[in-house]
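The sequence and structure come first.

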Amino acid sequence: MQRTVAYQLCNSCAVVNAYGDMTGVNPDNTREVLDFLEDRGLLVPADDIDPPGYWLCECCGLDQLGPGREFIPA
C-alpha cells in the first residue's frame with residue numbers, strides 16, 4: 001500500500017497555493033515559497049491541522065504556532 005505524501009503548510013502558504021496571493025508571505029521567503037510550489041506541482045487541500053506546540057511549515061520553512069492546512073499532490 002502506497003502512502004500519500006502530505007505537506008503541512010501555514011495559512012499564508014496555503015493561500016499562495018490556493019489563490020496565488022503572496023501578500024501574506026514574508027518578502028524574505030518569497031523565493032523559497034515559489035520554489036517549493038513549483039517543485040511539487042498542483043497541491044489540493046486534504047485537511048485542517050493544529051499540531052501541538054511549534055511546527056515547521058514545509059513551504060516557507062518558518063516555525064508556526066497554531067492551525068494550518070495539509071495538502072496532497074493532485
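## Basis of the description

This is a predicted model, in which local features need pLDDT of at least 70 and side-chain atom pairs count only at pLDDT 80 or more, while totals for chains, interfaces and linings use all residues. Residues are numbered from 1 along each chain as its sequence is written, and side-chain values use heavy atoms, with hydrogens and water left out.

## Overall fold

Helices (H or I, at least four residues) and strands (E, at least two) are DSSP runs, numbered from the N terminus.

The radius of gyration, taken over C-alpha atoms, is compared with a globule rule of 2.2 Å times the number of residues to the power 0.38. For 74 residues a compact globule would have a value near 11 Å, and the 12 Å of this chain agrees with that. Along the principal axes, the C-alpha atoms fill a box of roughly 40 × 30 × 15 Å.

## Surface and contacts

The accessible surface comes to about 4900 Å², and 50% of it belongs to carbon and sulfur atoms. Accessible areas come from the Shrake-Rupley method with a 1.4 Å probe; for residues, only the protein chains shown count as cover. A residue is called buried under 20% relative accessible area, exposed over 50%, and partly exposed in between (1.4 Å probe, protein chains only). Of the 74 residues, 31% are buried.

Contact means heavy atoms within 4.5 Å. Among contacts between residues at least 6 apart in sequence, 61% join residues at least 24 apart.

## Helix H1

Helix H1 covers residues 11–19, and Cys13, Ala14, Val16 and Asn17 are buried in it. Seen down the axis of H1, these buried residues fall within an arc of 160 degrees, so they line one face of the helix. The arc is that of the directions from the helix axis to the C-beta atoms.

The cover over the buried residues of H1 includes strand E1 (7–9), H2, E2 and E5. After H1 comes Gly20, which has a positive phi near 75 degrees.

## Helix H2

In H2 the buried residues are Val33, Phe36 and Leu37. They lie within an arc of 90 degrees when seen down the axis of H2, so they line one face of the helix. E1, H1 and E2 are among the elements that cover them. The face of H2 turned away from the buried side carries the exposed residues Arg31, Glu38 and Asp39. Gly41 follows H2 and has a positive phi, near 75 degrees.

Glu32 also lies in H2 and is partly exposed, at 40% relative accessibility. Leaving aside neighbours within four places in sequence, Glu32 is in contact with Cys59, Cys60 and Gly61. Glu32 and Cys60 are 28 residues apart in sequence, yet their C-alpha atoms are 5.9 Å apart in space.

## Salt bridges

Side chains of opposite charge can pair when their charged atoms come close. A salt bridge is counted here when a side-chain nitrogen of Lys or Arg is within 4 Å of a carboxyl oxygen of Asp or Glu, and the count comes to two. One joins Asp35 and Arg31, with the closest N and O atoms 3.7 Å apart. Both residues belong to helix H2 (residues 30–40), where, four residues apart, they are separated by about one helical turn. Asp35 is partly exposed at 32% relative accessible area, whereas Arg31 is exposed at 52%.

Arg69 and Asp48 form a salt bridge with an N to O distance of 2.4 Å. Arg69 lies in strand E5 (residues 68–73) and Asp48 in strand E2 (residues 43–49), so the pair ties together parts that are 21 residues apart in sequence. Arg69 has a relative accessible area of 25% and is partly exposed; Asp48, at 52%, is exposed.

## Aromatic pair

Rings of Phe, Tyr and Trp (its six-membered ring) pair if their centres lie within 6.5 Å; planes under 30 degrees apart count as stacked, over 60 as edge-to-face and the rest as tilted. The count by this rule is one aromatic pair. The ring centres of Tyr7 and Phe36 are 5.4 Å apart and their planes are at 90 degrees, so the pair is edge-to-face. Tyr7 lies in strand E1 and Phe36 in helix H2, so the pair ties together parts 29 residues apart in sequence. Both Tyr7 and Phe36 are buried.
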